[in-house]
Amino acid sequence: ERQYIGARGAAFALGFPERCLLAGRIVWFYLGKLLWPSNLIFVYPHWDLQVSHAVQWIPSLAVLALGAFLLRLACSRPPGETGPSSAGRRAPLAAWLFFVGSLFPALGFFNVYPFVFSYVADHFQYLASLGIIALAAGGGAAVLRNAAPGISLATAAVVGCILGTLTWRQSHSYLDSETLYRATIARNPDAWLAQFNLGDAMVREGRLDEAIGHYREAVRARPEYVEARNNLGGVLARLGRLPEAIAQFEAALRLWPGDPKLHYNLGNALADAGRLQEAEAEYQAALRLKSDYAGAHYHLALVLRALGQDEAARIQLQAAGRPQSP
């Protein structure tokens, strides 16, 4: 997660107390969604963790308290008890340990990349939910063991219809990417990933004004989002709004000065605005970072030619035609 996917940096700078606080909240979040699956969201709001707030420790303490209670229940044995009833006392502990144990890699003690979007995601509990589902199924079977066959069948049918209806309703959110992102934004307007992806979708459809709105929302929710600023600048440049585009590229470069693509994009916007010497400087900066950047060589040649430096422009054109390294 850290080495290959990038789960590191300021977004993952959590101390051990924050991780303990987070773990308890995650457990109850997933249990609540499993027992009452309403308001499911593709990207949930990013929680604000405050170790100094005593109330935020309640979920973690409750996890420990429930575990201790279930352990005591499993170990207790009333005098004279015989038969399989002890297994019934151990079942809740087994289900709880399976649930929490299967969730452990996603409880916050390890960095996982989706934490940059949200500390929870429904799919993280798919495996873990089997523990609670098995307990509920076993408990339901025990209750209905002596009931008439018709009651058992009717109960199963009702449960199946309820779950099937909820699944059918939820599946509408996944009709296509635009539907999914709009459904996510409707419930979580600060979901910068959904705002960014929806902006990209609008660009592909040629709906540039709408794309600008979503890119701006992504930047509002995450001001350090370099990709959103870059894409916003690109759309603004396409619409001829060059001062705004230049401002976005410059802001992106302040956050990520070592990206040759950002220097190249800023150079293009400056060239279109007639600021040729500034554009030349940006193309040169891009080439210092990536010497075989064909686009930067070519556009630098155009700027140099416009500045009357024909020989230098010829050299850049020749460099633009050389094969690029992978």
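1. Helix axes are lines fitted to C-alpha atoms over the stretch in contact, and angles between their N-to-C directions run from 0 to 180 degrees. Helices themselves are DSSP runs (H or I, at least four residues), numbered from the N terminus.

2. This is a predicted model, in which local features need pLDDT of at least 70, side-chain atom pairs count only at pLDDT 80 or more, and totals for chains, interfaces and linings use all residues. Residues are numbered from 1 along each chain as its sequence is written, and side-chain values use heavy atoms, with hydrogens and water left out.

3. Helix H10 (residues 242-255) packs against helix H11 (residues 260-272) at an angle of about 155 degrees, and their axes lie 9 Å apart. H10 is therefore roughly antiparallel to H11, a term for angles over 145 degrees.

4. On the H10 side, the contact (heavy atoms within 4.5 Å) involves Leu242, Ile246, Phe249, Glu250, Ala252 and Leu253. On the H11 side, the residues include Leu262, His263, Leu266 and Asp272. The contact residues divide into nine nonpolar (Ala, Val, Leu, Ile, Met, Phe, Trp, Tyr, Cys and Pro), two polar and two charged (Asp, Glu, Lys and Arg), the others, Gly among them, counting as polar.

5. The largest cavity is lined by ten named residues, among them Leu40, Phe42, Gln170, Tyr174 and Arg187. Helix H6 (residues 177-187) gives the most to this lining, with four residues. The lining divides into six nonpolar, three polar and one charged. A cavity is a set of points on a 1 Å grid over the protein atoms alone where a 1.4 Å probe fits but cannot get out, and lining residues have an atom within 4 Å of a point.

Definitions and conventions. Helix = DSSP H or I, 4+ residues; strand = E, 2+ residues; numbered from the N terminus. Parallel < 35°, antiparallel > 145°, perpendicular 65-115°, else oblique. 1 Å grid on protein atoms, 1.4 Å probe; cavity = no way out; pocket = protein on both sides within 12 Å on 5 of 7 lines; lining within 4 Å.
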